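Here is a short briefing on one protein model. Keep the sequence and the 3D view open while you read.

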Amino acid sequence: MNSSYLNFKDKHILVVGDVMLDRYWYGGTSRISPEAPVQVVKVSNIEDRPGGAANVALGLSKLGVSVTLIGVVGRDDNAAVLSRCLEEAGVNCRFVYSDTLPTITKLRVMSRHQQLIRLDFEEREDSLSQNEALAKEVAACLPESNAVIFSDYAKGCLADVRSLISLANAQNVPSFVDPKGNDFSIYQGATLVKPNLLEFENIVGKCRSVKELEEKGKALREQFGWKALLVTRGEDGLVLLSEGKPPFSLATAAKEVFDVTGAGDTVIAVLTAVYVTSKRFIDAVEYANQAAGYVVGKLGTASIDAEHLGAIMFQRSHTTNFGVLAPEELLKQIKLAQMSGEKVVFTNGCFDILHPGHVAYIKQAKALGDRLIVAVNTDASVKRLKGEKRPINNLEHRMAVLEGVGAIDWVTWFDEDTPQRIIEQLTPDVLVKGGDYTIDTIVGAQHVLEHGGEVKVLTFVDGYSTTSIIEKANL
């Protein structure tokens with residue numbers, strides 16, 4: 001997979017569905033109430049977060065996507081709180097306001113990372129005027145959208161979702177559905193539908209094997225004209241069934257499950273964002289799986305940003321941008337590597353004629369971390385340091401040879417007489433120099449140390465030098 005899939009800034013995704021406010025009351029519990037055998041929670045902190053379809057929109061915004069959110073809210077204070085949270089995150093809210101319904105609110109009382117009770121404030125009312133108002137907003141937003149997500153929590157907002165999907169199809173806008181309920185015919189014609197295993201089995205019956213799941217899923221997909229069906233199975237991973245492709249399964253990426261709240265929202269958000277850039281369901285599912293693994297390790301409704309998602313995929317990708325890179329592009333790769341927990345090592349030199357001493361030194365440097373950068377003096381820099389007859393090989397040739405050394409991950413260049421500026425720009429975890437240096441005389445050492453890094457001095461292998469090779473060649 002290509003890391004360019006994470007550039008979502010030119011994409012606009014419309015989210016339509018049941019919006020809600022997730023409210024958390026946090027506090028300690030140290031006594032039992034004298035009024036009843038229940039714990040007394042001394043509330044010390046209150047936190048409000050967007051939930052439901054609003055959490056999907058928030059997740060897209062954190063990825064860098066331009067987002068418009070359409071849903072039904074009441075004319076109340078909670079709607080104002082929800083709007084403020086979303087607009088501060090960059091989400092464009094086009095709510096349909098109800099005079100009779102409250103804004104759906106879920107209040108969770110938390111103590112010591114445990115949920116003690118959840119209180120739901122909601123009412124459902126399907127009305128023709130509400131459906132017409134939603135359809136009008138959706139129709140207005142579709143022309144500028146790369147995709148639309150229908151986030152169904154069975155609260156009434158998507159009572160006429162079939163008509164909304166038809167509107168999207170008429171505009172050639174792909175639609176992604178997070179479904180609910182016992183009737184999936186209402187999602188007829190969607191691009192992709194993403195039920196969890198329980199929701200899927202409520203429709204097709206119990207699946208006793210993956211093969212049976214695949215067979216029933218294929219039939220369901222064809223019945224309702226979906227291009228793809230994604231069944232999420234919790235700790236058992238995901239199964240993708242797409243038109244004209246064999247079934248595709250992935251094991252869960254979750255290392256530790258702390259809280260599954262909002263995991264489905266993350267999957268549908270990341271899945272859609274990646275699909276509108278890559279146009280490949282498999283790529284979208286792989287990214288979504290990794291994102292879900294990240295958020296279930298967090299307490300409460302959580303999201304992931306593009307930087308963290310890129311770091312996760314960087315660690316497992318076989319098409320990472322290694323080799324010769326400009327310093328600016330290299331800085332992006334270093335950040336991703338470091339966010340993945342990898343230690344980045346830096347060394348520099350002219351490397352005019354590569355010899356066994358250089359190779360041994362490079363191998364020693366690589367052993368100090370996970371990724372090795374070699375920064376090379378430009379031709380002008382070498383001339384200033386070594387004289388007008390140097391370098392023997394130009395910069396392009398020297399970097400090409402270094403790129404072929406297996407221990408080196410990245411090769412870059414600098415034009416100054418010393419690497420001070422590029423070290424300050426890249427800030428590696430380990431700075432390595434070979435020769436009779438002391439740490440206090442190594443250029444860039446102070447910067448690396450001040451940023452929590454290490455500085456190492458390695459001994460060159462005796463018997464090899466570029467100068468001696470040149471002298472022998474002149475003979």
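Is Asp22 buried or exposed? Asp22 is buried, with a relative accessible area of 4%. The model is a predicted one.

**Salt bridges**

- The whole structure holds 22 salt bridges.
- One of them joins the side chains of Arg108 and Asp22, at 3.0 Å from N to O. Arg108 belongs to strand 8 (residues 105-111) and Asp22 to strand 2 (residues 19-32), so this pair ties together parts that are 86 residues apart in sequence.
- Arg108 has 6% relative accessibility. Buried means under 20%, so Arg108 counts as buried. Asp22, at 4%, is buried too.
- Glu47 and Arg49 form another salt bridge, with their closest N and O atoms 2.9 Å apart. Here the two partners fall into separate classes: Glu47 is partly exposed at 28%, whereas Arg49 is buried at 13%.
- Asp120 and Arg118 also meet through their side chains, at 2.8 Å from N to O. Asp120 is partly exposed, with 35% relative accessibility. Arg118 is partly exposed as well, with a relative accessible area of 39%.
- Salt bridges can share partners. That is how Lys218, Arg221 and Glu222 come to be joined into one network.

- Strand 18 (residues 371-377) and strand 19 (residues 410-414) run parallel and are joined by 5 bridges. Find Val376 in the model: it stands opposite Trp413 in strand 19.

- Strand 14 (residues 238-242) is mostly covered, with 5 of its 5 residues buried.
- In a regular strand, side chains alternate between the two faces of the sheet. In strand 14, Leu238, Leu240 and Ser242 point one way. Val239 and Leu241 point the other way. All of these residues are buried.
- Ala228 stands opposite Ser242 in strand 14.
- Strand 13 and strand 14 form a hairpin with 5 residues between the strands. Within this hairpin, Gly234 takes a positive phi near 60°.
- Leu238 stands opposite Leu250 in strand 15.
- Strand 14 and strand 15 form a hairpin too, with 5 residues between them. Which residue in that turn has a positive phi? Gly244 does, at about 75°.

**Aromatic rings**

- The count of aromatic pairs comes to 7.
- Tyr24 and Tyr26 form a stacked pair. Their centres are 6.0 Å apart, with 15° between the planes. Tyr24 is buried at 2% relative accessibility, and Tyr26 is buried at 17%.
- Tyr275 and Phe281 are stacked as well. Their distance is 4.6 Å centre to centre, and the planes make 15°. Tyr275 counts as buried at 12%, and Phe281 is buried at 14%.
- Phe184, Tyr187, Phe224 and Trp226 are linked by ring pairs into a cluster.

**Charges over rings**

- Arg49 lies over the face of Tyr24, 4.5 Å from the ring centre. Arg49 is also the partner of Glu47 in a salt bridge, and Tyr24 is also stacked with Tyr26.
- Lys180 has its charged end over the ring of Tyr153, at 5.4 Å from the centre.

Note on methods: Residues numbered from 1 in each chain as written. Predicted model: local features only at pLDDT ≥ 70, side-chain atom pairs only at ≥ 80, totals over all residues. Heavy atoms only, no water. Salt bridge = Lys/Arg side-chain N within 4 Å of Asp/Glu carboxyl O. Helix = DSSP H or I, 4+ residues; strand = E, 2+ residues; numbered from the N terminus. Buried < 20%, exposed > 50% of the residue type's maximum accessible area, 1.4 Å probe, protein only. Pairing = 2+ DSSP bridges. Phe/Tyr/Trp six-rings, centres within 6.5 Å; stacked < 30°, edge-to-face > 60°. Lys NZ or Arg CZ within 6 Å of the ring centre and 35° of its normal.
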